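Q: I have a chain open and would like to talk it through with you. Could we begin with its surface and then work inward?

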Amino acid sequence: MKKSFVFLFSLLFLFSPSVSAHTGLESSSPADGETITEPVQNISLTFETVIESGSSFTLNSESAEVPLESVTVTDNVVKGSTAEPLQNGTYTVDWRIVGEDGHLIEGTYGFTVSAKQEVEPATEEADTVEENSETAKEAPADVQQEETISPAGTMPIVLGVIIAAALIAAFVLMRKGKK
C-alpha cells in the first residue's frame, strides 16, 4: 500500500513542469532612450537567453512603420536593417520573441535620431537642435515587457493538475479499502 502511494507520488514530480526563466531584453543598439547623432541603418536587440527563430521586431517612426530589409535571429540576438539611414525623429522598436521555453514575450523601447544634416543654414540648424532636444525628452524611457503564455507552455501545467487529481483519488480509494 505504501509502495503504491510512494510510486504515485513520485510520478507527480516526474511529470511536473520544470521551472524555467523567461528572457528579457539585455541590451540594444541603438539603446533605449538614446539620441543618435550619426546616420543609423542597423538595429540589434540582445536578449538574456537563446530565442527561437519566430522572433522579430518592427520599427515605427512618429508617422508610420519603417520597412526593414531583413530581420535575422542568431542565438540570443535579433538584427534588422533599413534600406536608407533613418531620418531625424523619434522611433519605437516593438519586439516580439519566442523564448527558449516557448513563451511569447513582447516589449517596446524608443530612441531618437538627431543626425547632422549635410547642408543647412545656421538659423534652421538651431531650431532643429532645439526641436530634437524636446523630442528626446519625450522618447520612451522604460522598456516595457509583456508576457503571454503560449499553448505549449500551459500543457505541462494541465498535465500536472490531472496527475495531482489522480493521486488524490487513488489515495482516497486506498483509504476506503482499509476500512
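Q: Which residues make the nonpolar surface patch of about 270 Å²?
A: In this predicted model, Ile-168, Phe-171 and Val-172 make that patch of about 270 Å². Patches consist of residues with over 30% relative accessible area and no salt bridge, where like charges are joined within 9 Å and nonpolar side chains (Val, Leu, Ile, Met, Phe, Trp, Tyr) within 5 Å. The accessible areas come from the Shrake-Rupley method with a 1.4 Å probe, and for residues only the protein chains shown count as cover. Residues are numbered from 1 along each chain as its sequence is written, and side-chain values use heavy atoms, with hydrogens and water left out. As this is a predicted model, local features need pLDDT of at least 70 and side-chain atom pairs count only at pLDDT 80 or more, while totals for chains, interfaces and linings use all residues.

Q: Where does Val-172 lie, and why does Val-172 count as it does in terms of accessibility?
A: Val-172 is part of helix 3, residues 151–178, where helices (H or I, at least four residues) and strands (E, at least two) are DSSP runs numbered from the N terminus. Val-172 counts as partly exposed because its relative accessibility is 39%, given that buried means under 20% relative accessible area, exposed over 50%, and partly exposed in between (1.4 Å probe, protein chains only).

Q: How many helices and strands are there in the chain?
A: The chain has 3 helices and 10 strands, and along the sequence they follow the pattern α-β-β-β-β-β-β-β-β-β-α-β-α. Of the 179 residues in the chain, 31% are buried.

Q: What are the pairings of strand 4?
A: Strand 4 (residues 56–60) runs antiparallel to strand 8 (residues 89–98), with 5 bridges joining them, and Phe-57 has Trp-95 as its bridge partner in strand 8. Strand 4 also pairs in the antiparallel sense with strand 5 (residues 65–66) over 2 bridges, and these two strands form a hairpin with 4 residues between them. Leu-59 has Val-66 as its bridge partner in strand 5. Two strands are taken to pair if DSSP finds at least two bridges between them.

Q: And strand 3, why is it largely enclosed?
A: Strand 3 is largely enclosed by the rest of the structure because 5 of its 6 residues are buried. Strand 3 pairs in the antiparallel sense with strand 1 over 4 bridges, and 5 bridges join strand 3 to strand 7, again antiparallel. Ser-44 in strand 3 is the bridge partner of Ser-29, and Ser-44 also stands opposite Lys-79 in strand 7.

Q: What about the peptide bond from Ser-29 to Pro-30?
A: That bond is cis, with omega near 0°, and Pro-30 lies in the loop between strand 1 and strand 2 (35–36). The backbone oxygen of Pro-30 is 3.0 Å from a polar atom of the Ser-28 side chain. Ser-28 belongs to strand 1 (residues 25–29) and, at 17% relative accessibility, counts as buried.

Q: Changing topic, how many salt bridges are there?
A: The count comes to 1 salt bridge, a salt bridge being a side-chain nitrogen of Lys or Arg within 4 Å of a carboxyl oxygen of Asp or Glu. The side chains of Glu-106 and Arg-96 form it, at 2.9 Å from N to O. This pair links distant parts of the chain, with Glu-106 in strand 9 and Arg-96 in strand 8, 10 residues apart. Arg-96 counts as partly exposed because its relative accessibility is 45%.

Q: Finally, what is phi of Asp-75 near?
A: Phi of Asp-75 is near 55°, a positive value in a residue other than glycine. Asp-75 sits in the loop between strand 6 (70–74) and strand 7 (77–81), and Asp-75 counts as exposed because its relative accessibility is 55%.

Methods:
Polar contact = N/O pair within 3.5 Å; in protein donor to acceptor, adjacent residues only side chain to side chain.
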